Amino acid sequence: MDVTRVSALREVLSGSPLLDATRDFAGSLRTAVTRRSARGLLLVGSTGYEPWHLTAHLGEEAAWSQVPQLAPTLIRHQVAPGAAVPAQLRHDLRRLATAGRGETVLVVSPEAAGSGLLERVRDARRGGATVLALEAGDADLAALAHERLTVDSPEEPGFDLVQHLVSAAAGERPRSRLGALAGLSRLARQFTTEPVNRW
């Protein structure tokens with residue numbers, strides 16, 4: 001999905017809680033991977049759902065926004081032995097068991113994560129990794145996550161569309177809190193100052 005389509009989608013969803021939620025979640029993701037102690041982003045899905053799409057989009061956003069830390073390592077449930085695949089695609093669930101402090105684990109699943117994946121994510125959290133979850137009502141996965149974004153109806157607007165919104169927002173430069181406060185302060189002064197009588 002290109003920038004124009006993402007902008008159109010944001011316009012359609014303008015004012016909806018989902019749009020704010022995706023921006024907040026994306027902000028948490030960006031903060032986690034760019035903090036001083038950050039050591040990488042691990043992206044994993046459930047047995048029946050490998051998030052190739054989000055992996056590609058985060059890679060694109062990493063290049064476009066010049067935030068290389070957003071480029072994830074995809075963790076796969078099964079990696080064929082001896083397969084000729086790039087290094088970042090050769091990691092299986094055992095990699096989560098060794099995840100530790102400074103690493104971020106992003107779990108993306110529109111279905112129940114399953115006990116095997118939950119156990120590995122639990123290992124990562126115990127090791128000090130930050131766990132984020134984009135899920136569709138999996139209470140067990142949500143309980144393990146430091147931050148989560150729940151898509152109540154994966155079909156509307158669609159789990160894939162939410163991933164587009166998250167990846168696009170993660171690549172955006174966060175708005176300065178001080179800048180936002182200064183803008184609010186300026187507006188407050190305009191509305192509370194007595195009007196100048198020019199006559």
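Predicted model: local features only at pLDDT ≥ 70, side-chain atom pairs only at ≥ 80, totals over all residues.

Residues are numbered from 1 along each chain as its sequence is written, and side-chain values use heavy atoms, with hydrogens and water left out.

**The sheet**

Switch to cartoon and find the open sheet of six strands, ordered β3-β2-β1-β4-β5-β6 with parallel pairing. Strands here are DSSP E runs of at least two residues, and helices are H or I runs of at least four, numbered from the N terminus; two strands pair if DSSP finds at least two bridges between them. The edges are β3 and β6 (147-150), each pairing on one side only.

Select β2 (residues 73-76): three bridges join β1 to β2, and Leu43 stands opposite Leu74 in β2. Follow the chain from β1 through α3 to β2 and you trace a right-handed β-α-β crossover, meaning that, with the strands pointing away from the viewer, the path from the first strand over the helix to the second runs clockwise. Now jump to β5 and β6, which share four bridges; Leu132 has Glu147 as its partner in β6.

Show α3, which lies across β1, β2 and β4 (103-109) and runs at about 155 degrees to β1. Axes are lines fitted to C-alpha atoms, for helices over the stretch in contact, and angles run from 0 to 180 degrees between N-to-C directions. Next, α5 (residues 115-126) packs on the sheet, touching β1, β4 and β5.

Select Leu54, which lies in α3 and is buried, with a relative accessible area of 2%. Buried means under 20% relative accessible area, exposed over 50% and partly exposed in between (1.4 Å probe, protein chains only). Leaving aside neighbours within four places in sequence, Leu54 is in contact (heavy atoms within 4.5 Å) with Leu43, Leu106, Val108, Gln163 and Ser167.

Now pick Gln66, in the loop between α3 and β2. Gln66 has a positive phi of about 60 degrees although it is not a glycine, and at 70% relative accessibility Gln66 counts as exposed.

**A buried glutamate**

Zoom to Glu135 in β5 (residues 130-135); at 1% relative accessibility, Glu135 counts as buried. What does the side chain of Glu135 make a polar contact with? The partner is the side chain of Thr150, at 2.3 Å. A polar contact is a pair of N or O atoms within 3.5 Å; within protein, one must be able to donate a hydrogen and the other to accept it, and residues adjacent in sequence count only if both atoms are side-chain atoms. The backbone nitrogen of Asp138 also lies 2.9 Å from a polar atom of the Glu135 side chain. Phe159 is among the residues Glu135 touches.

Tyr49 sits in the loop between β1 (40-44) and α3 (52-65) and Phe159 in helix α7 (residues 154-170), so the pair ties together parts that are 110 residues apart in sequence.
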